[in-house]
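Here is a short briefing to read alongside the model. Have the sequence and the 3D view open, and let's walk through them together.

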Amino acid sequence: MSKATTEVLSTGRLLLMSSAVSATAANLYYNQPILPKIGAELGLTSEQLGAVPAAGQIGYAVALLLLSPLGDTLPRRRLIAILSIMLVLSSFVAFSASSLIALVVACFAIGLSANITQQLIPFAASLSTPETKGKVIGTLMTGLTVGILLSRTLSGFIGEQFGWRAVFMMSASIAMVFGVLLYAFLPTNTPTTKIPYLKLVASMATLIKQHATLRTSALTGALWFASFNALWATLALHVSESPFNYNAQQAGMFGVIALAGVIGAKVSGSLVSKFGSRNMISMALVIITAGFVISGLFADTLAGLIVGIILIDLGVFSAQVSNQVRVFSIDPQAQSRINGIYMLGYYLGGAFGSFVGIQAFERAGWIGVVGFSIAVVVLSFIANRSNKQ
């Protein structure tokens, strides 16, 4: 690593970026443990509630298509500041929502604003060397893992103690704090790409056509993330019924159990250069499948759910680090656009999984969710093995 890079990507900055990734990504998942409370207050059915988490995922996916490319042409520090303001405002709208439409619109806007995460990850990757890229991404993904998983625990606790609206007030406050910190301490980069916005967005189609690795990586990630979101979108609904009868706070505690995903992110970041992305992802997908099998066979036991969730999260975040190392090695001059394409597929898969998962739960219960999830993970494995990298 050069001296200039060392100064820019200091330990303190990497810690701040990782923490901000954690705090921002959490916004996509705060609503999941409190869905029963939202439904009870607004008089919504389970099928209607499925639109709430799906709206956030779709908003995030739209941002990946329309906002992420801007990271290749605009200073990311300025772009992150604008997105932080948007995140604060949209969280306030969700806090005051009195109808399903208002809440869905607010969650869509929150998803757009959470693009902060996908500006920070390629930013850090661009400041790292090929030798440290795996560890840097592993650190950021550790933050992402903590944010995604503890978001449910925190949301469940706040929702149970103070009501579901307090969760969105909390998210606005956290977004405000990190927005100020990032603007104060991030370096100002000078993008080398000068392409008009419409051509910049259009160039993403060219990148998809040019790089087979990008296409298969996006498909592989989208499929396993669909299974992950099907699990978490329905878990609170599953454990709120007999024999568990858990409240929102108790349902949120499953996020602590799932912190095994942190281990997956760290280990994968250290080993991917040795074993290769393709092999690491394949091993991770086998672990995910085992987790769903266990959670299905022992659906009505706490121990079965715990073991299943640990394996699923361990596999998902291990696979994600390996896949992103592969993606960020494609074209250093187009990292924001390539990351945007990859994550667009990833979160469209997540939105699909959230929606179908709730429909499956409504029609066939927990076993329906497990069956759908295993099917898409198997398809993910097939897609990954078709890639030679």
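The radius of gyration used here is taken over C-alpha atoms, and the globule rule is 2.2 Å times the number of residues to the power 0.38. By that rule a compact globule of 389 residues would have a radius of gyration near 21 Å, and the protein chain agrees with its 19 Å. Please keep in mind that this is a predicted model, in which local features need pLDDT of at least 70, side-chain atom pairs count only at pLDDT 80 or more, and totals for chains, interfaces and linings use all residues. Residues are numbered from 1 along each chain as its sequence is written, and side-chain values use heavy atoms, with hydrogens and water left out.

**Overall build**

- The protein chain has 18 helices and 0 strands; helices (H or I, at least four residues) and strands (E, at least two) are DSSP runs, numbered from the N terminus.
- Along the principal axes, the C-alpha atoms fill a box of roughly 60 × 45 × 35 Å.
- Of the 389 residues, 59% count as buried, where buried means under 20% relative accessible area, exposed over 50% and partly exposed in between (1.4 Å probe, protein chains only).
- Take the contacts between residues at least 6 apart in sequence: 85% of them join residues at least 24 apart. Contact means heavy atoms within 4.5 Å.

**Helix H3**

- Helix H3 spans residues 35-42, and Leu-35, Ile-38, Gly-39 and Leu-42 are buried in it.
- Seen down the axis of H3, these buried residues fall within an arc of 100 degrees, so they line one face of the helix; the arc is that of the directions from the helix axis to the C-beta atoms.
- Their cover includes helices H4 (46-49), H5 (51-66), H7 (100-113), H10 (164-185) and H12 (212-239).
- Gly-43 follows H3 and has a positive phi, near 70 degrees.

**Leu-64**

- Leu-64 sits in helix H5 and is buried, with a relative accessible area of 0%.
- Setting aside residues up to four places away in sequence, Leu-64 touches Pro-69, Asn-115, Gln-118, Met-204, Gly-340, Met-343, Leu-344 and Tyr-347.
- Leu-87 is 23 residues from Leu-64 in sequence and 15 Å away in space, C-alpha to C-alpha.

**Ser-128**

- The loop between helix H8 (116-126) and helix H9 (133-162) holds Ser-128, which is buried with a relative accessible area of 12%.
- Beyond its neighbours within four places in sequence, Ser-128 is in contact with Leu-9, Lys-133 and Val-136.
- Ser-128 and Val-307 are 179 residues apart along the chain, and 36 Å separates their C-alpha atoms.
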